[in-house]
Amino acid sequence: MGTCEVCGNRYDKAFSVKTAEGAAHTFDSFECAIEKLAPRCAHCKCRIIGHGVDDDATGKIYCCEHCAHA
């Protein structure tokens, strides 16, 4: 039984995610995994769950073209 590192819930179906940097995280739901790992849009601050828009010049990431241009 794993314990979610975001909400602290102990759950028999908890899962672990290993990041590209090698860190391992345990979550009880995708919601908690997204809260911990998904980047935020540099403009509107929403969580970026799908494909973001990278600005290679500044290193910032945006959720959509609208925010990238704003």
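## Tour of a predicted model, starting at a hairpin

Start by selecting strands β3 and β4. They form a hairpin with five residues between them, and G22 in the turn has a positive phi of about 100 degrees. Helices (H or I, at least four residues) and strands (E, at least two) are DSSP runs, numbered from the N terminus.

Before moving on, some ground rules. This is a predicted model, in which local features need pLDDT of at least 70, side-chain atom pairs count only at pLDDT 80 or more, and totals for chains, interfaces and linings use all residues. Residues are numbered from 1 along each chain as its sequence is written, and side-chain values use heavy atoms, with hydrogens and water left out.

**Stop 1: the hairpin strands**

Colour residues 15-18 as β3 and residues 24-27 as β4. The two strands pair in the antiparallel sense, over four bridges. Pairing here requires that DSSP finds at least two bridges between two strands. Now pick V17. What stands opposite V17 in β4? The residue there is H25.

Slide into the loop between β3 and β4 and select T19. T19 counts as buried, at 19% relative accessibility. Buried means under 20% relative accessible area, exposed over 50%, and partly exposed in between (1.4 Å probe, protein chains only). Show the surroundings of T19. Leaving aside neighbours within four places in sequence, T19 is in contact with H25 and L37. Contact means heavy atoms within 4.5 Å.

**Stop 2: the aromatic cluster**

Display the aromatic side chains. How many aromatic pairs does a search of the whole structure find? The search finds two. One of them joins F15 and F27, with 6.2 Å centre to centre and 50 degrees between the planes, a tilted arrangement. F15 lies in strand β3 and F27 in strand β4, so this pair ties together parts that are 12 residues apart in sequence. Rings of Phe, Tyr and Trp (its six-membered ring) pair if their centres lie within 6.5 Å; planes under 30 degrees apart count as stacked, over 60 as edge-to-face and the rest as tilted.

F27 is buried, at a relative accessible area of 0%. F15 is partly exposed, at 24%. F15 and F30 form a tilted aromatic pair, 5.4 Å centre to centre with 45 degrees between the planes. Here F15 lies in strand β3 and F30 in helix α1 (residues 30-37), so the pair ties together parts 15 residues apart in sequence. F30 itself counts as exposed, at 63% relative accessibility. Keep the three rings on screen: ring pairs link F15, F27 and F30 into a cluster.

**Stop 3: the cysteines**

Select the sulfur atoms. A search of the whole structure finds zero disulfides. C4 is in no disulfide, and the nearest cysteine sulfur, that of C32, is 3.7 Å away. A disulfide here is a pair of cysteine sulfur atoms within 2.5 Å. Move to C7.

C4 is buried, with a relative accessible area of 2%, whereas C7 counts as partly exposed at 46%.

**Stop 4**

Follow the chain out of α1 and select K45, in the loop between α1 and β5. Phi of K45 is near 70 degrees, a positive value in a residue other than glycine. Most residues other than glycine have a negative phi. K45 is partly exposed, with a relative accessible area of 46%.

Go on to I49, found in the loop between α1 and β5 (53-55). I49 counts as exposed, at 63% relative accessibility.

**Last stop: zoom out**

Show the protein chain as a cartoon. Two helices and six strands are present. From the N terminus on, the elements run β-β-β-β-α-β-β-α.

Then look at the overall dimensions. The C-alpha atoms fill a box of roughly 45 × 20 × 15 Å, taken along the principal axes. The radius of gyration of the protein chain is 15 Å, while a compact globule of 70 residues would be near 11 Å. This radius is taken over C-alpha atoms, and the globule rule is 2.2 Å times the number of residues to the power 0.38. Buried residues make up 19% of the 70 residues. Among contacts with a separation of 6 or more, 11% come from residues 24 or more positions apart.
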